[in-house]
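The following note collects several points for a colleague who is examining this entry. Please read them alongside the sequence and the coordinates.

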Amino acid sequence: MPNASGGLTMLKSIQNQLPTSERKIAQYILNNPHEVVSMTVKQLADHSLTSAAAVIRLCKSLDVNGFKELKMRIAVDLQTSKPKSYRDITKNESTKDIIMQMSQNSIYIIEETSELIRSKDIERASELLKKAKAVHLFGVGASGLVAFDAQQKFLRAGLYAFALNDVHLSFTALSNATSEHVAIIISFSGETKEAIEFIKLAKRKGIPTISITKYGTNSLSKLADINLYAASTHEAISRSAATSSRLAQLLVIDILFMTYVSNNFDTVIDALDQSKHAIQNKQSPY
């Protein structure tokens with residue numbers, strides 16, 4: 001099992017997207033996690049006034065290997081101390097409190113995201129990148145900043161990476177790509193119109209695709225070959241900076257990048273050394 005925790009995070013993230021019977025089970029588990037870890041499928045179905053089939057469907061919706069894995073994840077969750085929850089700042093809040101709260105928010109989103117990242121999916125994505133002649137990165141708004149961060153990382157590691165400021169240029173570059181390239185599409189909601197069109201173009205070109213979205217089913221994750229998830233926290237009123245979603249996406253990129261580095265260590269380290277040397281020894285044109 002890739003991760004041994006995150007069951008409660010998964011349930012909280014997608015409970016509002018679930019069909020009625022599965023939502024009832026999810027709510028029962030969230031309200032009674034200590035009792036559920038010792039239940040059978042039938043007992044949970046009886047207590048939640050649903051059916052065993054609905055419990056199995058819920059496990060499939062969570063993409064876990066059955067009720068046993070879900071219980072194991074919940075059991076570990078119950079033994080782990082976490083920050084309380086994400087909280088927005090309030091009017092005229094002290095700078096000291098803002099520093100403390102933003103730090104807690106960052107810890108919260110990082111911990112929840114780490115629970116949702118599956119080792120097998122990161123490894124599959126790393127293998128795609130290893131074989132790729134180039135990677136096309138796409139995101140809009142705050143997700144675009146994450147794409148640019150990924151671009152500079154992979155470029156320094158010796159992998160041709162494209163994250164273009166102009167949406168039209170991004171589509172133009174992708175239209176000339178081949179199946180030997182890889183496309184990484186970043187959208188926290190998974191519903192950004194431009195991101196959906198970008199992945200559709202990649203699919204038509206036969207280009208392998210990787211999505212980075214919030215946890216749960218969305219239009220982008222349905223189309224991607226590999227899905228990497230960030231925690232689906234609720235951005236509050238001051239979400240204009242998209243602080244939590246951006247941080248979660250950056251963590252996913254960092255983990256993917258470091259896995260790529262580790263799996264291609266000698267080649268990548270040489271490329272990193274060369275890029276560092278080139279930057280340190282660049283000559284100013286002025």
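**Notes on the predicted model**

1. Serine 143 is buried, at a relative accessible area of 7%. The model is a predicted one, and it places serine 143 in helix H9, which covers residues 142–156. Apart from neighbours within four places in sequence, serine 143 is in contact with Ile186, Ser187, Phe188 and Gln249.

2. Aspartate 254 belongs to helix H13. Its relative accessibility is 32%, so aspartate 254 counts as partly exposed. When neighbours within four places in sequence are set aside, its contacts are Asp149 and Lys153. Isoleucine 226 is 28 residues away from aspartate 254 along the chain, and the two C-alpha atoms are separated by 17 Å.

3. Helix H7 runs over residues 95–116 and comprises 22 residues. From its first C-alpha to its last, H7 reaches 32 Å, close to the 32 Å expected at 1.5 Å a residue.

4. Which residues of H7 are buried? They are Gln101, Asn105, Tyr108, Ile109, Glu112, Thr113, Glu115 and Leu116. Viewed down the helix axis, the buried residues of H7 fall within an arc of 155 degrees and therefore line one face of the helix. An α-helix has 3.6 residues a turn, so residues three or four places apart point the same way.

5. A nonpolar patch on the surface is formed by Leu155, Tyr160, Phe162, Leu164 and Leu169, which together have about 470 Å² of accessible area. One of its members, leucine 164, lies in the loop that joins strand S2 (161–162) to helix H10 (167–175). Leucine 164 is partly exposed, with a relative accessible area of 32%.

6. Most residues other than glycine have a negative phi. Leucine 49, however, has a positive phi near 60 degrees. Leucine 49 sits in the loop between helix H4 (41–47) and helix H5 (52–61), and at 67% relative accessibility it counts as exposed.

7. Aspartate 63 likewise is not a glycine, yet its phi is positive, at about 60 degrees. Aspartate 63 is located in the loop between H5 and H6. With a relative accessibility of 44%, aspartate 63 counts as partly exposed.

Terms used:
Residues are numbered from 1 along each chain as its sequence is written. This is a predicted model: local features need pLDDT of at least 70, side-chain atom pairs count only at pLDDT 80 or more; totals for chains, interfaces and linings use all residues. Side-chain values use heavy atoms; hydrogens and water are left out. Helices (H or I, at least four residues) and strands (E, at least two) are DSSP runs, numbered from the N terminus. The expected span of a helix is 1.5 Å times one less than its number of residues. Buried means under 20% relative accessible area, exposed over 50%, partly exposed in between (1.4 Å probe, protein chains only). The arc is that of the directions from the helix axis to the C-beta atoms. Patches are made of residues with over 30% relative accessible area and no salt bridge: like charges are joined within 9 Å, nonpolar side chains (Val, Leu, Ile, Met, Phe, Trp, Tyr) within 5 Å. Accessible areas come from the Shrake-Rupley method with a 1.4 Å probe; for residues, only the protein chains shown count as cover. A salt bridge is a side-chain nitrogen of Lys or Arg within 4 Å of a carboxyl oxygen of Asp or Glu. Contact means heavy atoms within 4.5 Å.
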